[in-house]
Structure formats: C-alpha cells, structure tokens
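Work through the exercises below with the sequence and the 3D structure open beside you. Try each task before reading its solution.

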Amino acid sequence: MTRAEEDARALLDLGHSVVERASAAGADVAEASVHSGSHLSVKVRKSEPELVEEAGSRALGLRVMVGKRVASTYTSDLSEAGKRTLIEDAIELARLSESDAFAGPPDPSDLSSPSQWKDLDTFDEGVSGISADEALERALQGERAAFDFDPRISNSEGASFTRARGVSALVTSSGFVGSDYGTYASMVVNPIADDEGGKKRSGYHWTAARHYADLEESQAVGEEAARRTIAQLGAKKLPTQELPVVFDKDAARSILGLFAGCILGGSIWRKSSYLVDRVGTRVASDRVDILDDPLLARAPGSRAFDGEGLLSRRNVVVESGVLKSYLMDTYSARKLGLKSTGSAARSPSGGVSPSSSNLMLKASSQSRDELLANTKHGLYVTGMMGFGFNAVTGDFSRGASGFLIEDGTLSHPVSEVTISLNLDQLLQRIDAVANDLDHRTAVASPTFRVSSMTLAGS
Amino acid sequence: MIARYHAPFAEQGSHTIDANIANRLLKIALGKGGDYADLFFEYSVSGSYTYDEQILKSARRAVSMGLGVRVMKGDATGYAYCEDFSFDAMKQAAETAAQIAAGGQPVAPLGVSMRDTPSRYPVPVESLDIEGEMKKAILERADRAARASDPRVIRVDASFAESVREILIANSLGHMARDRQPLIRFGVRVIAEDSGNRQSGSSGGGGRTGLDYFDDKTPEAHAQQAVQQALVMLDAREAPAGEMDVVLAPGDSGILLHEAVGHGLEADFNRKKTSNYSDRVGEEVASELCTVVDDASLHGSRGSINVDDEGQLPARSVLIEGGVLKGYMQDRHSADFFGTTPDGHGRRQSFRSHPMPRMTNTMLLGGTDAPEDIIRSVSRGVYAKKFGGGQVDISNGDFVFSLTEGYLIEDGKLTAPLKGVNLIGNGPEAMRKVVMLGHDFEVSDGIWTCGKEGQSVPVGVGCPTIKIAGMTVGGTQMASG
C-alpha cells in the first residue's frame, strides 16, 4: 500500500465511525467527508526568500438528514470532544430545519463502485517530495529570468512556488465508500516595470500541474511574465466605440467561468440565471461547443465520482451553439424534474451543490495568430477587472486591458476601459475560435473573437 | 452567562495556554536565531441559516482551531501551523517555522505578560448562544415582508450568518493579548418578474453585535429595500458609456475609497515600492476636501478590532488629511522598515495564514455640502447608490467598481434607473477630482469582506455624498451627438 492509500484507509475508518455515531444519534441519513492534506509555499522577492510556509491539516465534514430536514457541520478539531460537538450540532440543527420534500440522498442503485472508477492520474509522488530548498530555487530562477529578460523590469512583487497534496474520503449511510487523492504544484512570477507619469505596470505568468514533470520551466515562466509586463508600458485609453473584441485564452476562460455559474441546476431552480428554460435553444453561435469532462487525465477538475458518489461522466453542455443540458446534483435535478448529471460537489464544510469539473470551450483549427490576422480593427483583451456581471439578466460590463488590434496585428497597449454586452448576445456573437486550449485550469477556453461590443473609454 | 463555545486554550479550557507555555514555545521558535517570533492561537465557530422557498432549508455550523507560529529574520518569514494544542504538535510547528533562521544562534524572547485591551464590541449574549428558533423567526419575517410587498416578487431567500473568533497572541517582544470577536451578517435577496423581465435586489447588514442589531434595522426594512431595488431595476435602461460626472451615495460608496486609495496605502506595497503611493508621504494625493482615516475603534462595526492579529493595539490612523498623504497602514514588519511603531493593521484570515497590513474601517470624512445641492450641480451624470464590489491594480491605482443600483442624473435630477454599470478610473486621479462632499457622512451597514493575496477579512467602509468631476462610466449606450 502506498502512503496515500494508507492515509485514505485511515480517513475512511474515521468516516465510517462518524456515520455510525451520527446514525445512532438520530440521523436518518449521514454522510461524512474527511480530508487531510499538506502543503509547502515559498515566496522570494528580489532574490531573497520572503516566506517559507509548511503545514498539514485535517478536517471532517458531516451532512445529516432527520426525515427530510437537512443540516451540515464541519470541524478541524478531531479530538473526541470535537467529534461529539460535530455530531450533536448536526442533529440539533437538522431538527431546527424544516422538511424539504426534495431533500434526500441519491437512489442507492445510482451509486458508483470502485470497479467503475477510472484512474485519472491526479497523484504524483514527485510533487510531495519537493523540498523547501528546491522550491525556493525554482522561484529564484523564475524571478531572475524576469529581471534578466529586460532592463525595464525594475521591481518585483516576487515569485512563488507551492506544492500541495490532498487525500479525501466519503462515507455515506446509503452505502457509498470512496476515496480520492491528488497533488498539485504551481509557480507564479510577478514582475513590475515603471511607466510614464509615475505609474507602474504589474504583470504575471504562471504554471500549474498535477505532476511535477508537467510544469513549465521556471526560466520560461519568468521570461513570459517579463514579456507580459513590458508589453503594457505606455498603455492608454481608447475613445468610446463599438468594436470587435478578441479575448485571449485567460480572458476567455473568465467569460466561460461566468457562463459556468449560469448552467448549474441550483441557479436554474432558483431562477438566478438568464438561462432558465433555455435548454434546446440557441445560447451561443454555431461555432461554440462547451463540454464538462471530469474524466480528463491529470486535469485540475478531474474526479472519478462526484460529491454524492455518482459515477462521473462527460456532459455536453452546448453543441453548435444550442444548450443541451444543465449541470445538476441529485437535489437540483429533483427540483427540475430531471436526472443528476453526476455534477455534485461536496464542500469541505459538508454542503452539496452542483459544480462544473473541467469545463471547456472546444478548440477549433486556426491558430491565435491567424485569428488576429483576420481581425482588421479591434481590442485584444488580456486582462479583466471587477465583478460587473448579473447572472439573472446576463448583463456584463467589466474593466479591460490589452492591446489595440490594427490591420491584424497588435499595436499599442490599452488600459482603463470597460467592455460591455449582455452575455447571451456575447456568446451568440462569437465569430471565431482559436486552437490554443490548455488544461492548466478547471475552466478553460481557447482565444475567441466577439464580433462587436461596446467599449467605454475617453 | 457562560458561552457555549469557548477556546481550549482559554483560562478554563482543556489546553490552557499561559505565559509559561507561550514563553517555552517562543524560545523554541527562536531556537535557530531570528529577529522576532509570534504565536497566534485561534478558535472560531461559525453558523449559518438559509431560508428559502418559505422554509428554513438548511443550517450549518463549523469549528476551526489551531496555532500559527511565525518566525522572522530580516524580510524572510517562516510559518507553520498545527490544529491541535498538544505540546508536541505545537513544538513541531515552532520548530518548522524556526527553520527560516537556520544557521543562526538561539535568541531569548522577552517574557510575555498580558496586555489590557479596549472593549469595542461588548455583546451581552452572543448570537451563537441564542436558540436557533429566534434566528429562524427573523428570517421568516424578512421572507413574509418581501412576499407581501409586491405581487411581482417571485422568489425570496434570506440568510443569517454568525460567528465568534477567539484569539490569543504572544510575541517575542513580551506582548500577550486576547480577544473575542463576535460577528453577524444578515442578507435578503429577492427576484421580481414582470412580463418575462427578471431582476434581483438585495439588502443586508450586520456587525460585531448580537441580535439586538435587528431592533434598529428590522428584517422587514431590509426586505423592503431589496424589493424596492428589484422593482426599480425592472424599469432600468441601458447605462450610458463614456466620461461624465459621478455622484456617490453616502455609506456603501466607501468601498470605492477602500479600493481606490486604501489598498495602495497598505504599508507592505510601499515597503516594496510596488504601490503608486510609494515615497509620496507629504505630497498632495487628493483634492483638499479629502481626509481619509482608517479607524478600528468604531463601536460594533464589522471592521473593528480591539487588538490586531500580531498583538498590537489599533486606533485611528489618519491616512490623508486635507488632500495630503500622511502615512501608511503598518503591520510590525513594515513598521520596522519605516522606523515607526506598528499601528495595529496586522491582520490575518486565520491561524493558517501570516499577517499583512490590512484595513479595518476605512472612511472619507464628511464635508459641508447639502446632498441635494450636489445632485443639482450635475447636468448629465450617474448617481451610484449601491455597489456590488470592486477591484484595484495596486501598482498603478486603476480600479473598477460595479453598481447594483444606479440612476441617470439629468439636469440636476435623478431620472431613470440604470442596468449594470461599471465605474472605471484611477485612484489618485479620481481623488483629485473630488469637487464636493456632503455633510451626510454614513458608515456602511456591515456587509463587506476584503480579499488580499487569498486572505479574507471583514472590513467596514464609510463616506458622505461625493461628487467626482469626470469618471468613465462603462455602460452600453453610446452618447448621441
């Protein structure tokens, strides 16, 4: 047995004992989730170590139902007294809650079992083994590469390297027993350059992966961070106008993230999404396909089973611009009169709600450069700021920075403008998609172009 | 009354931490050298209740506790934590944090003694000690009031969150301090629908208080406000795009100040010279009307604290006076760098994180103008009533704010409500364009949480009615002509 498997075994034992005790205390349904993890984070700045942080932690989450009354509790106190409080509070709170006809665990026949689970290769012993010295060295290299890249890099917010390892277990009174483990390592470099008028420009680049070997080289991360920082020098506003907008893959991912919140079953039955009653209708241009795939190997949002123990599956959300399905857990599916899509996520504090796993907008065949070359005039957005999105109406307006596109090439940098358009129209106006999709993040998109948006500037 | 939840490290707890144990751990922490060490013991309990579809749909409670040990050597920090208070676990955390100074000679900490702290949020009975039925009743009242107020209201949900955070800090300078920080937050959200058009509205508040909060601010009043906002939005039109005058309503608009000015005045960014306010103390950074303070001492406010998370005693810091930059918000590390005394801004999300300079209650003080005169002075602009949130780029002061309720000002009058509007600008530039300040200063009702480097802390904001001459409004309607 590997160490991760041993850890998982210990967590499962703890989960079993909590489920048994909660049931004995009056819970009709009891579900225990147990986590343990450890991490190392280091940060350097101007070639000196700034932070070395190392710790391990464990926590226990419990969801109970008394009849159809629901409550959940959480504790990081795993002493006998801590566990007793966890269980007693859960029962007391469930009795305070009121009966909810739709509450209840999934049908036991829908639960998955170990033989069905795919190995998603999310754990790398090499990540857990990274020492503080090695982590510091990688961060130092990354920062040095940024300073060496261009003399205009005058300062630094630092460079960080983090590694984490986690093991979790879920045990439910309806018969599900499962455990999962994963590792994650990331590095970010954040240089600063001086601009005109006393302004400074801060930029960054990062790499992250489940396996150590999949990380970008520190040197390359630092250089790209410096390139991005320098490129912003001399940024100016643009006059207020309507124009085509190209979102680079980071900005595009952030747009897709807004959409992700609007397709969750919980947002739909709460009528808190502009996509209520839209399955089967056009929600994006016919160039748009959106999938949620929890079964991708080594991806950040991968999981063999969902937070309720259902087998994970690939869900087609949008096909050629038409909305095919919401993402649902058991509860939201019941509320909507549908079946769960295996999209339940269980928070450490015990609550269950639908969530996306690896949500992606499908890549097309043209490169980002080809897409830009075909854009005569427009704004290339590389960064967005603020929270200007109303999920109920789809109204979207955020601060943006990036570059002016002139005759198919990037000209001067742009900052301090906002771009606005209702998300429903924005997705329907996508007229080009590039091929630069990667799975560094759980929500991922290639570069895409929106035929026209309102830019507010000077 | 004995509180139901109390820290194991407290005087009557199962693992009492006294000066003796603290000194032993500090000695281990400085066992490899280092300039400074501190211990941060924390026990926090939080609860939440969600009222939805006319039932109390779920209730939650969470307990989190542990010890964070920090060792500093020069600008480097070693940090480790543990989640139980056995001596072995604590010793191991101290040894791990000590590694940052590896190679140095052991340093003897000063023996600790307990500091007296003020009492800025005395709560006779904490919310967590009050039976759940009472909170259920409050949520039910909000739900009933919202539903009764207008037939277009199709959904209501209300929530109540309560917490108490007990902390004990000991540092190698000989300070030991404890605090118990209660906090509540109430919110109600409605969705109104009229011929296919759906809009949401919300209202909320709270602070470091007990359920007596609701004596003044009733659930019904919050419900009315949320409904009002949703109904107004049903008639909202597309917002204009471009540069125009902006008038900010008192209270909540302080969030703009928090983002546009506050973050840039946190001393860590200035120590590293990464803020656009670096090296500018004594310079004019805002219009002469502006005096900005950060004040941890407001009675019962969400951002108030008796002691910071490094054991320092915070008070009222004047940041900008008459437009001139007076100083930054310091934690211990930055105060050392600037050769000044720490002023109680060292805060952290929990024992799992190291402290940084953070805001408490950040406020732009009131002026002399009548609010109605301010609105009357604008021929075409936007009146910003409620904000959803904002973000700033510290390095250059560029910011963006989203409005959840805003109105068009035409010829000195509020006319049409506006759909989702963003305000975008630059902190120092916007502050120089402050041309009128109302005499109607208000502290926001407690809803704000500030995020920095992944750590969240509760904060307060406040301001009067403010006129900013010329700001970019990010709507969709191009100006005609």
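The model is predicted, so local features need pLDDT of at least 70 and side-chain atom pairs count only at pLDDT 80 or more, while totals for chains, interfaces and linings use all residues. Residues are numbered from 1 along each chain as its sequence is written, and chains are lettered from A and ligands numbered from 1 in the order in which they are written.

**Exercise 1. The contact between the chains**

Task: State how many residues of chain A and chain B are in contact, and describe the side of chain A that touches chain B.

Step 1: find the elements involved. Helices (H or I, at least four residues) and strands (E, at least two) are DSSP runs, numbered from the N terminus. Those of chain A that each supply at least two residues of the side touching chain B include β2 (48–66), α2 (80–96) and β4 (153–172). The largest share, ten residues, comes from β2(A).

Step 2: sort by class. Ala, Val, Leu, Ile, Met, Phe, Trp, Tyr, Cys and Pro count as nonpolar, Asp, Glu, Lys and Arg as charged, and the others, Gly among them, as polar. The side of chain A that touches chain B has 15 nonpolar, 28 polar and 19 charged residues.

Step 3: look at the strand pairing across the chains. Two strands pair if DSSP finds at least two bridges between them. β2(A) is joined to strand β3 (residues 76–82) of chain B by five bridges, and the two run parallel. A55(A) stands opposite Y81(B) in β3(B).

**Exercise 2. Two helix pairs**

Task: Describe how α1(A) packs on α2(A), and how α1(B) packs on α2(B).

Solution. Step 1: recall that two packed helices are described by the angle between their axes and the distance between the axes. Axes are lines fitted to C-alpha atoms, for helices over the stretch in contact, and angles run from 0 to 180 degrees between N-to-C directions.

Step 1: take the pair in chain A. The axes of helix α1 (residues 3–24) of chain A and α2(A) come within 10 Å and cross at roughly 45°. α1(A) is therefore oblique to α2(A); angles under 35 degrees count as roughly parallel, over 145 as roughly antiparallel, 65 to 115 as roughly perpendicular and the rest as oblique.

Step 2: name the residues that meet. V18(A), R21(A) and A22(A) in α1(A) meet K83(A), I87(A) and A90(A) in α2(A). By class, four are nonpolar, none polar and two charged.

Step 3: take the pair in chain B. Helix α1 (residues 19–29) and helix α2 (residues 87–98) of chain B pack at an angle of about 30°, with their axes 8 Å apart. This makes α1(B) roughly parallel to α2(B).

Step 4: L25(B), I28(B) and A29(B) in α1(B) meet residues of α2(B), among them M90(B), K91(B) and A94(B). The contact divides into seven nonpolar, no polar and two charged residues.

**Exercise 3. An open sheet in chain A**

Task: Give the strand order of the five-stranded open sheet of chain A and name its edge strands.

Solution. Step 1: the order is β11-β10-β9-β14-β19, and the pairing is mixed.

Step 1: β11 (322–323) and β19 (443–444) of chain A stand at the edges, each with a single partner strand, so one side of each is left without a neighbour in the sheet.

Step 2: two bridges join strand β10 (residues 315–319) of chain A to β11(A), and these strands run antiparallel. The bridge partner of E319(A) in β11(A) is V322(A).

Note on methods:
Two residues are in contact if their C-beta atoms, placed from the backbone, lie within 7 Å.
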